[in-house]
Amino acid sequence: MSHAPAATAPTASALVPTHCPYCSLQCGMNLRGTEVVERPDFPVNRGALCGKGRTAPAVLSSRVRLTSPLVRSPAGGGLEPATWDEALRVTADGLRRTREAHGADAVGVFGGGGLTNEKAYALGKFARVVLGTSQIDYNGRFCMSSAAAAHQRAFGLDRGLPFPLEDIPRTGCVILVGSNLAETMPPALRYFTELKENGGSLIVVDPRRTRTAEQADLHLAPRPGTDLALALGLLHLVVAQGRTDEEFIRERTSGWPEARAAAMAHWPELVERITGVGVPGLRAAMDLFCDAPAAMVLTARGPEQQSKGTDTVGAWINLALATGNAGRPLTGYGCLTGQGNGQGGREHGQKADQLPGYRRLDDPAARKHVAAVWGVDPDSLPGPGRSAYELLDALGGEVRSLLLMGSNPVVSAPRAAHVEQRIRSLDFLAVADVVLSETAELADVVFPVAQWAEETGTTTNLEGRVLLRRRALTAPDGVRSDLEVLHGLAGLLGHGKGFPTDPEEVFGELRRASAGGAADYSGIDYRRLEEEHGVFWPCPDTPGVPGQGRHPGTPRLFHDRFATPDGRARFVPVVHREAGEDTDAEYPVLLTTGRVLAQYQSGAQTRRVAELNAAAPGPFVELHPRLAARVGVTEGEPLAVVSRRGRAVAPARLTESIRPDTVFMPFHWAGEGRANTLTNPALDPVSRMPEFKVCAVRLEPADGQSR
């Protein structure tokens, strides 16, 4: 197989406008070689970057990344350098053997929310056309799926934010639920600072008094897993105090009587007992929210990563709808999407139930449209497959081989020790990654692939703004793109056409495949993205406003109608229910997990950056001093955290900023401090989101000696 020639890269002195590879802000930056230069003209971050963005080029170094394919020796030994031809051949043979012996669905594909739109699109097409498997999902299932499901139920459309970030400072009140954006996306904090400077108010809901909560006018600290009850209690107060917007409810919504009846079963005193948030705090939050002329509700992983995450987000949406805070300027519900392409990654086909353009795989019209673009029979496309955790849980059983791109589930998946064991039991595993992650270490073949600065492609940020990352550097010898991996494998598996390596060509096909879908990109092309600061979808390839030529894109959704068949937003009646597991005598403490400022996701890349490691060198267990005294542990002492799934050990970090019944661990590290060894894979029945944010644990000194 011949390697496609690389396009000419810019000179080392050229200033190339591009975007950060990390979170969903997709902050604008300029690159001059490997030097990061501020890009103040880009509206999302206006030049500001966090430490991860500033140090992103450090992972481009050949000292920390993969620069040659690796193939496990036939005798079952270690990974050894190999040629690209050998690595592709071994992978194609492994996937083919599994298909022939066990059927197409014995081959799985696992993608990532950091893949560009072009890669996510090509990966979904590869799974369904080349492999013929239904078994494809991606790690974004672990991030935004509950919010996406709630969005779809209420509004008929899922886009993280239905408005640009620039609207936040101009509203009157924001309820921010389960987000520590001061650490997870620091450049976004300025929008909330400006909100307060403009006279608006910020309410933060979080069991910890985080850096974000410190900026709030009001901080509510509920018991982990009770956000649903909290939202219902606020809605009860809104109804009881006569603060609903009856005209909006009547003219623009449906389902209110049932949702109202469900909320009225959650009176304030009951909600106080469930959540630990006092009735005065509930009333203060209701007054701030309802007194504002316009208001927003924003959620993140806190309420979403629960076994009732879809209903929890739905309850917050109901609060927005009941008060008329949706579908008009400076209002709305939004999700703060997490991963760099968490939005685009869930739109174009790497989800288990999805086709490009946010089409449903079980919709005959969608199958017909996409099959025509792909040049295949609609009946040849497989149906929906397993969700992410269910796919990982099936490895080594019904799913015998796996192709994995841009994910590190050995660290990031719930019940991680079990997932690691399932991965080890595979007949064959191929991984495409930038670095030798903990998951890649278990592979039979590892493909070294290009990074953000070494290839061109599009991403879609949390606002639904489609952006162009531009190539600024040439990848090291021995490194190829994910598109080239798919092209090579497709050719060896009998599909010599249909998998181009040029990202602009892939994007052109994606445009056609998305045309007419909910996430319609057909009116967007690379030239336009170069000329503008991104384009908001939907953007069909039709004239927009008469006299203005091409469609302008859609920065703000739902002002005229919602995307439901009747144009009305839908209330969904929900009631509080307990988490997948609660505390008891054996496991009397709650664990919640999250991120820290200097690391990102599974840490596979950021843990290789010296500056970031100096700031956040390892895992820790955050707990209240009263809880530490009961356990008999002091600051910095190794502390064991034990759940029904395993044991993790990390130094104790004492702080009064967390509830005394709760401990917090960041999930960026492998080894004995791996937080996801402990987490519960209980799944939301709608979104199939695992319950990362709450499980029952016990604490004990790491040496096992009672104090």
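Modeller: Glu611 and Arg54 form a salt bridge (a side-chain nitrogen of Lys or Arg within 4 Å of a carboxyl oxygen of Asp or Glu), with their closest N and O atoms 3.1 Å apart. This pair links distant parts of the chain, since Glu611 belongs to helix α21 and Arg54 to helix α1 (residues 51-54), 557 residues apart. Helices (H or I, at least four residues) and strands (E, at least two) are DSSP runs, numbered from the N terminus.

The model is a predicted one, in which local features need pLDDT of at least 70 and side-chain atom pairs count only at pLDDT 80 or more, while totals for chains, interfaces and linings use all residues. Residues are numbered from 1 along each chain as its sequence is written, and side-chain values use heavy atoms, with hydrogens and water left out.

Glu611 is partly exposed, with a relative accessible area of 41%, and Arg54 is partly exposed at 45%. Here buried means under 20% relative accessible area, exposed over 50%, and partly exposed in between (1.4 Å probe, protein chains only).

The structure holds 43 salt bridges. One of them joins the side chains of Arg346 and Asp158, at 2.6 Å from N to O. Arg346 lies in the loop between β13 (332-335) and β14 (354-355), and Asp158 in the loop between α4 (145-155) and β8 (173-177); the two are 188 residues apart. Both Arg346 and Asp158 are buried.

A further salt bridge brings together the side chains of Arg647 and Glu700, at 3.9 Å from N to O. It connects strand β26 (residues 646-654), which holds Arg647, with strand β30 (residues 695-701), which holds Glu700, and the two residues are 53 apart in the chain. Arg647 counts as partly exposed because its relative accessibility is 42%; Glu700 is likewise partly exposed, with a relative accessible area of 24%. Salt bridges with shared partners also join Glu166, Asp167, Arg170 and Arg556 into one network.

In general terms, side chains of opposite charge can pair when their charged atoms come close. To return to the opening pair, Glu611 in helix α21 and Arg54 in helix α1 are linked across 557 residues of the chain.
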